[in-house]
Amino acid sequence: MLEGLSSSLQKALGKLRSKGKLTESDVQEAMREVRLALLAADVNVKVVRDFVARVRERAVGQDVQKSLTPGQQVIKIVYEELTELMGGTQARIQMAAKPPTVIMLVGLQGAGKTTAIAKLGLAFRQHQHRPLLVAADVYRPAAIDQLHVLGRQVDIPVFDMGTETNPVDIVRNGMAEAERQGADVVLVDTAGRLHIDDALMTELEDMKSTIEPSEVLLVVDAMTGQDAVHVAETFHERLGVTGVILTKLDGDARGGAALTVRAVTGCAIKYVGLGEKIEPLEPFHPDRLASRILGMGDVLSLIERA
Amino acid sequence: MGLFDRFKKGLQKSRTSLVERLGNVFRSRKLDESVYEEMEEAFIAADMGVETAFALVEDVRALARKNKVENAEQLPELMVEAMSKMLSEQDSEMRFATDGPTLVLMVGVNGAGKTTTIGKLAHYYLTEGKRVLLAAADTFRAAAIEQLLAWGDRVDCDVIRHTQGADPAAVIFDAIQAGRARNADIILCDTAGRLQNKTHLMAELAKIHKVAARELPGSPHEVLLVIDGTTGQNGLNQAKVFKEVVDVSGIVVTKLDGTAKGGIVLPIVHEQGIPVKWIGLGEGMDDLQPFDATAFAEAVCKP
Ligand SMILES: Nc1nc2c(ncn2[C@@H]2O[C@H](COP(=O)(O)OP(=O)(O)OP(=O)(O)O)[C@@H](O)[C@H]2O)c(=O)[nH]1
Ligand SMILES: Nc1nc2c(ncn2[C@@H]2O[C@H](COP(=O)(O)OP(=O)(O)OP(=O)(O)O)[C@@H](O)[C@H]2O)c(=O)[nH]1
Ligand SMILES: [Mg+2]
Ligand SMILES: [Mg+2]
């Protein structure tokens, strides 16, 4: 699928003749293919429409670099815009001025929150921090067991109060426990929930106002399709998301949802998950994801050399 | 206006549902090209993919011509018709062993809803008075066995298990022996989530499949691929690769209680020829329904 799109795109772009400046019809034709590539990568239709319009506007009339064909020039612009859109702000964890630094992970069911908690915890531990994991998912069967197993694997303590206490009380007590242990980072595992589940979204708001986290990270599965727009919008509106973790990028999904989420929330993608094994989360590289979304590795390496 | 504000403003429109939006189009316009363009975009927004969206629009167009439809208001009906026709190309009935236990293998990528669906299916068949046995053949994920045990408790059903790290094929082997000994009607086998591009994990799944077929001839009677309803175009790849490796016989689409439409199942049915058999609509044991093509199409098309 990837190859197919890439080659059809290149064919269309190949039709563009070198003319010095990009004309409207040059760009028009190329952008039709770009649109298809973005949709096949699951970028939301609205985001695609805005993005295409924006790039078209920017591209028309631009000079074509000597070493590039007009088609390659358009791709260069598309690639730069994509990279810029997904990059921007520095993707670092905001540490609290006064420890502990509290980080909450939120998202839909099965996105990869609990796994990401363990991976984040491991990264902190390797940097000489003393994290505490807080088990605030009282709904999913064996969620607490899962966090305990992972906590043992990375040698980080886990705080839980079973499944009969409400999550707001759990996180409040978790903070006290962190102080008692001298933990300087508190990582809160929350239950997966639908953005339209008002009761559970309110619960998250209450947890947030109780522990005032430095970061509320939205965990998004890289395989997510068009609906990412609604998810990101609602989570951001209700919780003020501060960053995104994009999981399961070790698969072959092209990950266009990341662009959607970035576009709606304005939040940086801070880390990516690249496997089930508990290893430190990887930093996010906007340029790599941009070329993955476009699916045109060879054209891009050509452009880079230009 | 900043970059993100621009995007956000553009996106505000998407808060209104596919149908509400189309509803306005249908009410206010004659049947012209722009109506079909909006329809295509709505189909794409439901995760059907560009090709299937285009094909469906052509189907609707043909139906409109055939029925001499001139008014856009009549389109929703035709959309449902075209979509449910595509979805019922394959048979959605579950297959059962003619004799002895029926073995169902649950497969899919990480976090799609396999274990939960097993719990719901167990409840469904227990309610029908069947004897059900669960097999905890996800020996990889942290607390996957405990999760299935919790479901076993909840729906009152035995679970055959080993320990984390054990050979999943050995769990299936034991489950088949136990199923025979206890006269089980149905054995529901959980497997670890795996992304379809991980060849070693897919090979492990092929081995599980082979052991089942050897120990219980004719099995697995069903290989159900669980697809998260929020999945985009990668779902088609999932279907393709899992089908190659373990001959998938049906799809379960989960998490349709959210706002995702699950449109990716259309190309899966149409291009891969795999029927949808169940839909998941929540995390409770009753939140599973046998697939109904027309009901699904209506849910996607109408408010
Ligand atoms: N391949 C791969 N699998 C992942 C990754 N992150 C998580 N997973 C797997 O995805 C599945 C779900 O992960 P969890 O961490 O349990 O997800 P969750 O968001 O906590 O799920 P809920 O608590 O049920 O909402 C598990 O099988 C994980 O092993 C990743 O980056 N790559
Ligand atoms: N809202 C909703 N949540 C669901 C549905 N089905 C499953 N879930 C949730 O999705 C998450 C993942 O479900 P699991 O059953 O653990 O998924 P899995 O495929 O077994 O995951 P792995 O074994 O880690 O690959 C859990 O939080 C479930 O409660 C559904 O139909 N609707
Ligand atoms: Mg979890
Ligand atoms: Mg499971």
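A crossing of two helices counts as right-handed if the near helix is turned clockwise from the far one by less than a right angle. The legends below describe close-up views of a predicted model.

**Figure 1. Helix α5 of chain B crosses helix α12 of chain B in a right-handed manner.** The axes of α5(B) and α12(B), the latter spanning residues 293–301, come within 8 Å and cross at roughly 135°. The two helices are therefore oblique to each other. On the α5(B) side, the residues that meet α12(B) are B:Met79, B:Val80, B:Met83, B:Ser84 and B:Leu87. Their counterparts in α12(B) are B:Ala293, B:Thr294, B:Phe296, B:Ala297, B:Glu298, B:Val300 and B:Cys301. Sorted by class, this contact comprises nine nonpolar, two polar and one charged residues.

**Figure 2. Helix α4 of chain B packs against helix α5 of chain B.** Helix α4(B) covers residues 50–66 and α5(B) covers residues 75–87; their axes lie 9 Å apart, at an angle of about 125°. From α4(B), the contact is made by B:Thr52, B:Leu56, B:Asp59, B:Val60, B:Leu63 and B:Ala64. From α5(B), B:Leu75, B:Leu78, B:Met79, B:Glu81, B:Ala82, B:Met83 and B:Met86 take part. By class, 10 nonpolar, one polar and two charged residues form the contact of α4(B) with α5(B). B:Met79 and B:Met83 of α5(B) belong to this contact and also meet α12(B).

**Figure 3. The loop between α4 and α5 of chain B contains B:Lys68.** B:Lys68 is not a glycine, yet its phi is positive, at about 50°. With a relative accessibility of 70%, B:Lys68 counts as exposed.

**Figure 4. A:Asp155 occupies the loop between α6 (143–154) and β3 (158–159) of chain A.** Although A:Asp155 is not a glycine, the residue has a positive phi of about 60°. A:Asp155 is exposed, its relative accessible area being 59%.

**Figure 5. A:Val188 lies in the largest nonpolar core of the model.** This core has 178 residues, and those with the most contacts inside it are A:Val188 and A:Phe235. Apart from neighbours within four places in sequence, the contacts of A:Val188 are A:Val102, A:Ile103, A:Met104, A:Leu105, A:Ile117, A:Val134, A:Ala136, A:Val171, A:Met207 and A:Ile211. A second, separate core of 28 residues includes A:Ala135, A:Val219, A:Ile245 and A:Leu281. In soluble globular proteins, nonpolar side chains tend to be buried together.

**Figure 6. Cis peptide bonds join A:Pro99 to A:Pro100 and B:Ser219 to B:Pro220.** Omega is about 5° for the bond between A:Pro99 and A:Pro100. A:Pro100 is situated in the loop that links α4 (70–86) and β1 (101–106) of chain A. For the bond between B:Ser219 and B:Pro220, omega is about -5°. B:Pro220 is placed in the loop between α9 (199–215) and β5 (222–228) of chain B.

Key:
Residues are numbered from 1 along each chain as its sequence is written. Chains are lettered from A and ligands numbered from 1 in the order in which they are written. This is a predicted model: local features need pLDDT of at least 70, side-chain atom pairs count only at pLDDT 80 or more; totals for chains, interfaces and linings use all residues. Side-chain values use heavy atoms; hydrogens and water are left out. A nonpolar core is a set of buried Ala, Val, Leu, Ile, Met, Phe, Trp, Tyr and Cys residues joined through side-chain atoms within 4.5 Å. Buried means under 20% relative accessible area, exposed over 50%, partly exposed in between (1.4 Å probe, protein chains only). Contact means heavy atoms within 4.5 Å. Axes are lines fitted to C-alpha atoms, for helices over the stretch in contact, and angles run from 0 to 180 degrees between N-to-C directions. Helices (H or I, at least four residues) and strands (E, at least two) are DSSP runs, numbered from the N terminus. Ala, Val, Leu, Ile, Met, Phe, Trp, Tyr, Cys and Pro count as nonpolar, Asp, Glu, Lys and Arg as charged, and the others, Gly among them, as polar. Angles under 35 degrees count as roughly parallel, over 145 as roughly antiparallel, 65 to 115 as roughly perpendicular and the rest as oblique.
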